[in-house]
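Visitor: I would like to understand how the words used for a structure follow from its values. Could you take me through a few of them?

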Amino acid sequence: MEMIRRVSVLGATGSVGASTLDLVGRDPERYPVEALTAGSNVQRLIELAKLHRPRFAAIADDRHFAVLKEGLAGTGIEVGAGESAVIEAADRPAGWVMAAIVGSVGLPPTFAAIRRGALVALANKEALVCAGALMTGEAKRRGAKLLPVDSEHNAIFQVFEDGRRESVEKLVLTASGGPFRTWPVERMAQATPAEAVKHPTWSMGAKISVDSATLMNKGLEVIEAHHLFQIPEERIEVVVHPQSVLHSLVAYRDGSVLGQLGTPDMRVPIS
């Protein structure tokens, strides 16, 4: 008999949230949805709530509360608004929580899920960058597990032998190079936001696409890898791999190198 696992998605209207709901929606009996949240895209949240039937739906921007309440009237779905409602969504009894709220605003709800010992699928790298030691320490104390969703960190997670951390020589994160990889500096100086969000291999939200174009995202991922795997930053490297097929490598002191390959589709690491 397959285990039933209740799921909450924090940041349901973004690209990671959409990929998550695409997967759980294929087997709704096995993965019932406990809670969904969104920042300000209230109409999309209403659509997703009607489709996936969570027990609770929250919109971070409380100016949209009336629209959310009216849109879900008669469905039996509880609704809330504001930061406290998003934290409530994270605190509800879901065994598996997708933390996909972009930016540091995702830290308080992610921390709430950790404090109750949930399995937290972490797509919000900014939370670890802001409070990595706090989050990993709290996860250890509460018995929570952080499951990295970023393709690079998920790849390391799949081949990293936790009991052999002292045997790891280095971690190697891959980077696509973004849309400006082959551009001369002079042309990059004239780049527009529209060009920056045209990622060559991944379909992502605007912020992470721009961060990828500037390679700022890879800097954040180095910090994230340091906290997740407890490896010093001087032993974490980055290589450019435009095809985005080899997602990351773990090099061991015995000369072996383990890597993970797969199609550039966020549903793979989420699965």
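**From value to word**

Guide: Val102 touches Asn124, Glu126 and Lys207, leaving aside residues up to four places away in sequence, where contact means heavy atoms within 4.5 Å. This is a predicted model, in which local features need pLDDT of at least 70, side-chain atom pairs count only at pLDDT 80 or more, and totals for chains, interfaces and linings use all residues. Residues are numbered from 1 along each chain as its sequence is written, and side-chain values use heavy atoms, with hydrogens and water left out.

Visitor: Why does Val102 count as exposed?

Guide: Buried means under 20% relative accessible area, exposed over 50%, and partly exposed in between, with a 1.4 Å probe and protein chains only. Val102 has 53% relative accessibility, and therefore counts as exposed.

Visitor: Why is the pair of Phe180 and Trp183 called tilted?

Guide: Their ring centres are 4.6 Å apart and their planes stand at 45 degrees, so this pair is tilted as well. Phe180 and Trp183 are buried.

Key. Phe/Tyr/Trp six-rings, centres within 6.5 Å; stacked < 30°, edge-to-face > 60°.
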